[in-house]
Amino acid sequence: MELQRRRSISLPQFFSRNQILATWLLLMAAYTGPAECIRRTSRFHGEDEGDGSGAVEAFKYSATACRAHTASLEDFGGVGDGATSNTEAFSAAVTHLSQFASDGGGMLFVPAGRWLTGPFNLTSSFTLFLHRDAVILATQDMNAWPIIDPLPSYGRGRDAAGGRYSSLIGGSNLTDVIITGDNGTIDGQGAFWWSKFHGHKLKYTRGYLIELMHSDQIFISNLTLLNSPSWNIHPVYSSNIVVSGITILAPVHSPNTDGINPDSCSNVRIEDCYIVSGDDCVAIKSGWDEYGIAYGMPSQHIVIRRLTCISPTSAVIALGSEMSGGIQDVRAEDITAINSESGVRIKTAVGRGAYVKDVYVRRMYLSTMKWVFWMTGNYKSHPDDKFDPNAIPVVDGISYSEVTAYNVTMAARLEGIPNAPFTGICISNVTVELRKARKLPWYCADVEGVSSGVSPAACASLADQGDGAQPCPFPTDASPMDDVQLQECTYVKAISA
């Protein structure tokens, strides 16, 4: 079965200001409620399921694998009152179901309710499924969040030197992990952490909502993620990943609430996601300075489709700044954003080393931006003073095409590295409407490339090839993740009398 998708929105390449405003109203109305999901719930009477009533509730859903063994969190003493800790219940349930990894796998069903918990880990051949009225609530008891080592490709935590708090839902060295639901919710209750971060009261780096490390075959779909302490979804050192139909919401000024951050990952597919955050909606990373260079694991073969983003202080799609393992073969298309700082941003610096290359973006529809395109080779954020000043990153082969943007402060700010310019930049069929006329709508320094069909005209270092030039390239070969097949699964739960 082909991967099932949430409702996608297709906009024409060119449209008037009134049309784009009307489109945004429709867009916001479409996404105000819960994300559209592919799960269907029915109640029916059948054979006695053990409680004497004979009534059962069936949940049909699509996933990369169905499981032979199932259990409910309530079977392990879970209490969904929003006040009782369920950390032990989650851990006991996962431990019980882990025994079936080689016997058809296990699924943990989280019923309707508010399930307070501290961090817990998943297991292989495992599905975590949330009922549409289920909310997993992250505890605000800091003592319930174990301290773990920093990532080896970072050398330290992002918020502070040293270790970091565990992520709410985690796991390492796993195969075949599914986190899905009937648009259930995972709420990080992040305001508690944001306040401590702003007050410089954190000794360790904040945890994430979901972090899976050194894992393969990850499928995350049809959930709403709220108010993460920091990043929302962070696969790291992992491969063969699909993130589909996810809604991510956080206040637009919340610190570092990135949406989806594949980090030193290969074969990633992100599609049909709606993100409102205080940081980048999607950020592709691969390690920080000398630690990332030493670890040497790139992010590559990444597809982003039908992403909708609101992020007034950050990028819709960011590459870096931690990119010291390299980033290559990123394809993004059909991207919609409003009130975001920049459409695509490449962030790097001397000391990062490695490369960002073969990046292709097409069909972006943007409104209310500071910059449409932003590149910088002067992002001076280092883990320590041990970085190599001779580790000069290479940025090459960056293609942007079919972009329409309205109410923009400046078309682009492109700043390479002196004596190491960013090369192979191609920009075609781009129309930017500025909110105010500017003498220099483009700023370019230490960049080289070509342009065609761009209004207002690009800077001289992006040589104009004329309106008849070939558009910038976009690969036509299939992504490795386009062959992902889904199965139709059913979970049947007895209904208590």
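Predicted model: local features only at pLDDT ≥ 70, side-chain atom pairs only at ≥ 80, totals over all residues.
**Strands and salt bridges: a quick tour**

Residues are numbered from 1 along each chain as its sequence is written, and side-chain values use heavy atoms, with hydrogens and water left out.

When I say strand, I mean a DSSP run of E, at least two residues, numbered from the N terminus; helices are runs of H or I, at least four residues. Two strands count as paired if DSSP finds at least two bridges between them.

So, back to β20. Strand β18 (residues 266-276) runs parallel to β20, with nine bridges joining them. β20 also pairs with β22 (residues 327-347), again in the parallel sense and over nine bridges. There, Val303 stands opposite Arg331. How much of β20 is buried? Ten of its twelve residues, 299-310, are, so the strand is largely enclosed by the rest of the structure. Buried here is under 20% relative accessible area, exposed is over 50%, and partly exposed is in between, using a 1.4 Å probe and protein chains only.

Now the charges. There are 20 salt bridges in the structure, each being a side-chain nitrogen of Lys or Arg within 4 Å of a carboxyl oxygen of Asp or Glu. Our opening residue, Arg269, makes one with Glu271, at 3.3 Å from N to O. Arg269 is buried at 3%, and Glu271 is buried too, at 0%.

Which partners does Arg331 have? One is Asp329, at 3.0 Å, N to O. Asp329 is buried at 13%, and Arg331 is buried at 10%. Another is Asp477, with the closest N and O atoms 3.2 Å apart. That pair links distant parts of the chain, 146 residues apart: Arg331 is in β22, and Asp477 is in the loop between β28 (462-464) and β29. Asp477 is partly exposed, at 45%. There's also a network of salt bridges with shared partners, joining Arg305, Glu333, Asp334, Arg362, Arg363 and Asp482.

β29 (residues 487-494) brings us to another pairing: eight bridges join this strand to β2, and the two run antiparallel. Glu57 stands opposite Lys493 there. Eight of the nine residues of β2 (residues 55-63) are buried, so β2 is largely enclosed by the rest of the structure.

Last stop: an open sheet of four strands, ordered β6-β11-β14-β16, with parallel pairing. β6 (120-121) and β16 (233-236) are the edge strands, each pairing on one side only.
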